[in-house]
Amino acid sequence: GVGGLASVIFLINMLPEVYRQELRKELIGDVLRHLAVRRSPDVDRAEVAAQAEAFAAFVSMDAVRIDGAVQSIVRLMKRPETRSASLTMLGNVVQLCREKLAVCGQKFLTEMYDELDVLQRSIDSNPALAAQIGYDVRWINEQLNRVPPPAVAATVPSTAPAAAASAAPPVVPSAVPSNQAAYMLHTAVIYPGSEQSIFALDYDAVTGVVVGGGKDPYLTTWDGKSGNQLGKTISNTAFICSLGRTGRSGILLAAGMQVDNAFGQSPCLLGYKRGTMDQLGVLEPPECNSVNAVVTFADNDQFVASQSQASDQGEILAMYDLAGVSSVHHLAPVSAWLGHTNLVSCMCVSPLSPDVFISGSQDRTIRLWDRRMATCAGLLGTQDPSTFEVWAHDDLITSLDAFGNTLVSASTDTQVAMWDLRRAGVAGAGAATTPCLARLALDNSPIMRIAVSGCVYPGVLAVSTYNNMYVANVSDITRVQFYMGQVHANEERPRIVYHELKWVTGTNMLLCANENPGLDVMHVNPLPQ
């Protein structure tokens with residue numbers, strides 16, 4: 001089970017008010033300053049994508065009021081050097097929380113619509129401008145059910161910019177021709193059921209049941225093969241960000257924020273019995289601001305939860321053991337590790353050893369841990385010669401998954417990295433470096449989620465970026481070619497970035513979750529040779 005960028009942003013609203021106010025003030029200011037920087041009109045959208053999404057997330061949480069948000073967008077829209085950033089901001093607001101526009105002051109909405117119409121008329125007569133922002137304006141008008149003004153002249157190019165076009169050619173990170181099997185990913189069916197965003201998925205290979213949790217106050221269960229909804233289990237949570245299932249008893253662990261009538265919301269871990277989904281109690285770790293990710297092990301009923309502490313201890317990775325207990329309520333950690341200096345956003349188990357698990361963090365590090373050791377067992381990354389610190393990525397690490405000897409990591413730095421788990425540098429050693437095997441940049445947008453373990457085709461990697469879905473065979477990293485997924489979208493179910501992916505073990509079925517209700521199920525198939 002893992003967290004991700006969308007859930008990390010949403011977690012800010014779950015913190016106690018004193019921390020929430022401080023983070024809002026600092027982060028919102030940083031985001032707006034970045035978006036207001038003057039840039040070329042044809043700027044690479046990767047420069048503003050993460051900040052634009054953060055801005056929309058703050059609007060969705062009412063940390064930024066919609067009237068002020070629209071005014072800021074319009075001011076930036078009027079300047080050519082900030083126009084692309086403003087449209088990216090507006091696109092995210094429309095995608096994440098368009099219902100907020102319904103309560104926006106009419107004066108501000110009118111100004112926004114007028115400015116969109118001005119841009120549309122300019123686009124109709126300026127092919128260069130159409131290539132820069134035509135896709136954005138068209139998409140925003142479509143999502144808002146607006147009819148654009150009549151075209152001045154039919155000079156708009158028939159294709160959208162490459163970064164946004166749904167029919168863009170495959171992205172090839174390597175110049176080496178691909179002679180290994182290639183695969184195509186496409187939407188096959190939709191599983192209905194949930195009403196709000198799903199941030200975490202679990203597939204139980206024993207029962208064939210899929211469980212999803214997110215913003216709904218319940219967990220939704222489906223039959224993994226047929227898609228039939230099996231039920232909804234009340235969780236009494238405001239938010240679930242991570243799911244994991246223990247190997248021996250099949251107990252489901254859910255990490256998130258519990259609704260507390262006395263204190264508002266509190267971080268928690270919930271347990272559920274396999275099959276019946278009977279709740280096995282609620283654990284509220286003491287002196288904890290949030291529980292961000294959970295990872296389980298195949299050989300027993302132990303699990304590790306990443307916990308952001310209210311004190312200055314930073315992130316704690318706490319291991320618990322459910323063996324012989326009937327409830328998680330009174331669990332105490334059997335082991336705990338320190339090392340990360342910022343939020344741990346994702347974890348996975350190493351395929352090389354059942355005792356080793358791996359964590360990725362907002363502090364840009366990837367750390368290896370051994371349940372039999374008291375300290376960090378290793379680091380992946382390149383060492384900074386001036387500070388001796390080892391960095392795996394240049395920004396928040398959003399996702400980890402592994403197959404064979406290889407770990408795959410993803411980050412908002414727009415890159416997917418591949419690592420040899422047998423070469424992890426020893427934590428704390430002055431000369432410890434473990435360079436990655438390869439770094440792959442797909443479309444220069446933040447990477448939201450990856451999935452490689454569980455697919456019936458070994459080494460087939462699915463990647464969700466801020467812009468699109470991709471698939472590649474990464475069994476041989478010298479011959480990697482990514483193909484863009486064929487994602488079904490329409491007015492009722494618009495194309496939205498996926499922030500959770502999960503293979504149905506041993507099949508070609510990929511479960512995909514985003515802001516749309518329910519799940520998109522994609523199939524991967526070999527391309528004809």
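How many aromatic pairs does the protein contain? The count comes to 7 aromatic pairs, in what is a predicted model rather than an experimental one. The protein has 7 helices and 30 strands, and 57% of its 529 residues count as buried. Among the contacts with a separation of 6 or more, 56% are between residues 24 or more positions apart.

**Aromatic pairs and the ring cluster**

- One of the aromatic pairs is formed by F297 and F357, whose rings are edge-to-face, with 6.0 Å from centre to centre and 75 degrees between the planes.
- This pair links distant parts of the chain, 60 residues apart, with F297 in the loop between β10 (288–296) and β11 (302–309) and F357 in strand β15 (residues 356–361).
- F297 is buried because its relative accessible area is 1%, under the 20% cut-off, and F357 is likewise buried, with a relative accessible area of 0%.
- Another pair is made by F303 and Y320, which counts as stacked because the ring centres are 5.2 Å apart and the planes are at 20 degrees, where stacking calls for planes under 30 degrees apart.
- F303 in strand β11 and Y320 in strand β12 (residues 315–321) are 17 residues apart, and the pair links distant parts of the chain.
- F303 counts as buried at 0% relative accessibility, and Y320 is buried as well, with a relative accessible area of 3%.
- Ring pairs also join F297, W337, F357 and W369 into a cluster, so that F297 and F357, the edge-to-face pair described above, both belong to this cluster.

**Charged groups over rings**

- The face of F297 has R371 lying over it, at 4.0 Å from the ring centre, and F297 is also one of the residues in the ring cluster.
- Over the ring of W391 sits the charged end of R364, at 3.9 Å from the ring centre.

**Helix packing around α7**

- Two packed helices are described by the angle between their axes and the distance between the axes.
- Helix α6 (residues 106–125) packs with helix α7 (residues 127–143) at an angle of about 140 degrees, and their axes are 8 Å apart.
- The two helices α6 and α7 are therefore oblique to each other, given that roughly antiparallel would need an angle over 145 degrees, and their crossing is left-handed.
- On the α6 side, the residues that meet α7 are L116, L119, Q120, S122, I123 and S125, and on the α7 side they are P127, L129, A130, I133, G134, V137, I140 and N141.
- Helix α5 (residues 83–97) also approaches α7, with axes that come within 10 Å and cross at roughly 25 degrees.
- That angle makes α5 roughly parallel to α7, as angles under 35 degrees count as roughly parallel, and the crossing of α5 and α7 is left-handed.
- In α5, the residues R83, S84, L87, L90, G91, V94 and Q95 meet L129, I133, D136, V137, W139, I140 and Q143 in α7.
- Residues L129, I133, V137 and I140 of α7 meet α6, and these residues are also among those that meet α5.

**A position in helix α6**

- V118 lies in helix α6 and counts as partly exposed, because its relative accessibility is 41%, between the cut-offs of 20% and 50%.
- V118 and K78 are 40 residues apart in sequence, and their C-alpha atoms are 9.6 Å apart in space.

Conventions: Residues are numbered from 1 along each chain as its sequence is written. This is a predicted model: local features need pLDDT of at least 70, side-chain atom pairs count only at pLDDT 80 or more; totals for chains, interfaces and linings use all residues. Side-chain values use heavy atoms; hydrogens and water are left out. Rings of Phe, Tyr and Trp (its six-membered ring) pair if their centres lie within 6.5 Å; planes under 30 degrees apart count as stacked, over 60 as edge-to-face and the rest as tilted. Helices (H or I, at least four residues) and strands (E, at least two) are DSSP runs, numbered from the N terminus. Buried means under 20% relative accessible area, exposed over 50%, partly exposed in between (1.4 Å probe, protein chains only). A charge sits over a ring if NZ of Lys or CZ of Arg is within 6 Å of the ring centre and within 35 degrees of the ring normal. Axes are lines fitted to C-alpha atoms, for helices over the stretch in contact, and angles run from 0 to 180 degrees between N-to-C directions. Angles under 35 degrees count as roughly parallel, over 145 as roughly antiparallel, 65 to 115 as roughly perpendicular and the rest as oblique. A crossing is left-handed if the near helix is turned anticlockwise from the far one by less than a right angle, and right-handed if clockwise. Contact means heavy atoms within 4.5 Å.
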